[in-house]
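My entries follow in the order in which I made them.

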Amino acid sequence: MGLVLGALSLVLISILGRILFRQIWRPYAITNDFRKQGVTGPSYRFWSGSIEEIKSLKKAGSDLILENDCHDITKRVIVHYREWIPRYGETFLFWIRSEPRICVSDVQMVKQILSNKSGFFHKMEVPPSVLSLFGKGLVLVEGEEWERHRRVVNPAFAIDKLKLLTKTMAECTKTMIDAWLYETNTEQDRRKEIDVAERFQELTADVISHTAFGSSYKEGKEVFLAQRKLQFLVAASFLKLTFPGSKYYPTKNNLQKWKLERIIRNTLISIIKSRLDSKDGSGFGNDLLGLMLEASRVQDNELLSMNEIIDECKTFFFAGQETTSHLLAWAMFLLSSNQDWQERVRDEVIEYCGNEIPNPEMLSKLKLVTMVLLETLRLYGPIVLLGRKTAKDISFRNINIPKDTNLMIPIAMIHRNMKLWGADANEFNPLRFENGVSKAATHPNALLSFSIGPRACIGQNFAMLEAKMVLAMILQQFQFTLSPKYKHAPVDVITLQPKFGLPIILKPLLV
Ligand code: HEM
């Protein structure tokens, strides 16, 4: 009995020791170490770190409804960065539970982090639920694994291959526009309110299903629907305090997650298998999956396994669909509330495309449309925050940062920094991009919507091509204004989106 009690006390002491070390001593030592180097931040609280403060700031932000002409979304999203940067400086320390995070918002430091090729900075570790959403594809792999994946995926995004996809993009857009024409023309005054954010979700899902999976796009869309449901479950679990092993409990949420994960995996396996079986002399097809399968097989060697291809497909869906859909929604919001710009870009579209379906050459001439999209990305970029983790102990701009420290880059704050963008940083002014992205601000890398460096977005040309095509085709057919029902409440659910949708009043241009 005495022996058992002795062993039990030893176990208890060791657990207590670990808790004291991780939850009290380590945060105290790290805080002290950074303070000596001039990096301060909100105080650490036992167990929860800065989470409670973040929650209360977020809560206050999320209750706000902004004026339609207020583009400072940081009043609602990443509110803690907005609060803490003026208080603690561009580089500060805060805590997610007992895990330290350093905010880096000096753009030169950001450039050094994102451009580093020596493996000093890795992607942050993500919870298993996010992994199941994204797949361990290009977005999340590192080192040699990343090089291998990028080699296989790159050919599918070459500009000549993308140009071939514009026809598919135009066909999907035409289906949406025909439906809008039908809906408006059946109204007496030919004006119809439509939630375009919702329609863009369908459109971009259609485009990615067709461009990624060609003839199997219907099954592809099933994957999309399941992924979208999974995304909401994952986002809801982000700031929840969890207990060890809780991801294995058969809770209602977990059971739902596991079911969705099974649907996604099984559908993708079936699409890929049938593609592999149907290979003919000309290869696996000209869609993204076909081009990826082609590049993954070099002289009978498989560069990517079945599981890795499944993960890349998940990545295409998540990285490519949501983001582009929200870019389109925010561009429509800005053009609806800036009628002068709507007229200017429509004139440009009519000048270069007339009433024809735009082709890649026509799209490349649409300079004003491009400027509007870049300004939309600056003010309402779908990704508001980037994260990295130090892979070794490093000394960076005179600050010693220990291995495994998470670095947070608040893009939405950098995009509003008046030192970079001028006094009108919070205003919609596409003309700032007149001389190109690198001349729009005082630093050439101040626009971070697609990130920069080796891990920059592989799909940025795809997204810009699709967005230009869709906007041009809408401008050719419709005049549009913001519905009085619209409530300006941008929200960050992994990507930045209008919380209550985007009701727009559409009116066809031609009688
Ligand atoms: C408006 C649309 C888009 C935005 C704002 C966007 C934004 C980004 C950003 C910020 C990153 C870097 C993430 C990081 O460094 O942690 C990224 C990476 C990536 N994006 Fe996009 N993206 C868009 C569209 C697309 C599309 C259409 C695709 C594919 C169909 C795509 C596929 C990817 C992939 C695969 C990566 C990882 C690249 C790598 O690490 O090598 N994205 N994107």
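Helices here are DSSP runs of H or I with at least four residues, strands are runs of E with at least two, and both are numbered from the N terminus. I kept in mind that this is a predicted model, in which local features need pLDDT of at least 70 and side-chain atom pairs count only at pLDDT 80 or more, while totals for chains, interfaces and linings use all residues. Residues are numbered from 1 along each chain as its sequence is written, and side-chain values use heavy atoms, with hydrogens and water left out.

The axes of H11 (residues 288-296) and H12 come within 11 Å and cross at roughly 145°; axes are lines fitted to C-alpha atoms, for helices over the stretch in contact, and angles run from 0 to 180 degrees between N-to-C directions. For the contact (heavy atoms within 4.5 Å) I listed Leu288, Leu289, Met292, Leu293 and Ser296 from H11, and Ile309, Glu312, Cys313 and Phe316 from H12.

I then turned to H7 (residues 159-185) and H18, whose axes come within 9 Å and cross at roughly 35°, and this crossing is right-handed.

**Around the ligand**

I found 27 residues around the ligand, with Trp146, Arg150, Arg388, Arg455 and Cys457 coming nearest, a residue being near if one of its heavy atoms lies within 4 Å.

Which residue donates to the iron atom of the ligand? I found a single protein donor, Cys457 through SG, at 2.3 Å, where donors are N, O and S atoms within 2.8 Å of the metal (3.2 Å for Na, K and Ca), and water is not among the atoms, so the site may look incomplete. Cys457 sits in the loop between H17 (418-421) and H18.

Ile458 lies in that loop between H17 and H18 as well. Leaving aside neighbours within four places in sequence, I found Ile458 in contact with Leu138, Arg150, Val153, Asn154 and Phe157.

Notes:
A crossing is left-handed if the near helix is turned anticlockwise from the far one by less than a right angle, and right-handed if clockwise.
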